[in-house]
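Me: Got a structure here I'd like to go through with you. Can we start with the aromatics and then move on to the fold?

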Amino acid sequence: ARSVGRKAVAVNASDVEAMGARPSAVVVALSFPKDLDQAWVAEFEAGVKEECARAGVSLVGGDLSSSSVVTVCVTAIGDLEGRSPITRSGARVGDVVAVTGRLGWAGAGLVTLQRGFASPKEPVAEQLTPTVPYGQGIAASDRGATSMLDISDGLLADLGHICERSGVGIDIDTSLIEIPDPVARVAAATGKNALAFVLAGGEDHALAATFPTEVLPEGW
């Protein structure tokens, strides 16, 4: 329950980050069966508050109701602080593509869990609660990012959204992509392609952006 609460906040705050805004508040609506153990709700609340602290946002409201299944709905609010929003439609020919955050970890974690294992622990933890690179959306905006999004569908699929909206093509040099050791270990143990986790794993909630020069924010 704690992981669900954290992830519910993280994936929504990540969308705010991806527009170059500062996440400021969330509203959380939770519905659940009347016979659900109250300890689950308490753990969910603890997870929400924990991720709010990580993201620097306030829990400003929400709603509780009953339903046949657990349902969570989060609205994230952010502040552009005078900056223009970074959308998916601003990429231009000649721009450089850069990413920040952990690629492939969540996908590797999902495969690990589907096989009934809990190790390696790092990818499993990323699947349960993604590590959002908080603050990097603003850093990218300040460095002149022309387009940006968070990676939820997988790097290739999400860069495809930028291509579609911006009317450009993107050429990825896979030799420049580093395979994290935990991802490589999951690939070796399951017979999967490690690069495929990085390119198409999904649910990373890292950030991908295009920049007019190779002078990138620190950490990209």
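Me: How far apart are W40 and F44 in helix α2?
Reply: This is a predicted model. W40 and F44 are 4 residues apart in helix α2, so about one helical turn separates them.

Me: What about F211 and W220?
Reply: Their ring centres are 5.5 Å apart with the planes at 80 degrees, so F211 and W220 form an edge-to-face pair. F211 and W220 are both buried.

Me: Which ring does the charged end of R102 sit over?
Reply: That of W105, with the charged end of R102 4.4 Å from the ring centre.

Me: Switching to the sheet. What's the strand order?
Reply: β2-β1-β3, in an open sheet of 3 strands with mixed pairing. β2 (58-66) and β3 (71-79) are the edge strands.

Me: In which sense do β1 and β2 pair?
Reply: Parallel, over 8 bridges, with β1 covering residues 22-32. A25 stands opposite S58 in β2.

Me: Back to helix α2, then. Which strands does it touch?
Reply: Helix α2 (residues 38-55) packs on the sheet and touches β1, β2 and β3. Its direction makes about 170 degrees with that of β1.

Definitions and conventions: Residues numbered from 1 in each chain as written. Predicted model: local features only at pLDDT ≥ 70, side-chain atom pairs only at ≥ 80, totals over all residues. Heavy atoms only, no water. Pairing = 2+ DSSP bridges. Helix = DSSP H or I, 4+ residues; strand = E, 2+ residues; numbered from the N terminus. Contact = heavy atoms within 4.5 Å. Axes fitted to C-alpha atoms, helices over the stretch in contact; angles between N-to-C directions. Phe/Tyr/Trp six-rings, centres within 6.5 Å; stacked < 30°, edge-to-face > 60°. Buried < 20%, exposed > 50% of the residue type's maximum accessible area, 1.4 Å probe, protein only. Lys NZ or Arg CZ within 6 Å of the ring centre and 35° of its normal.
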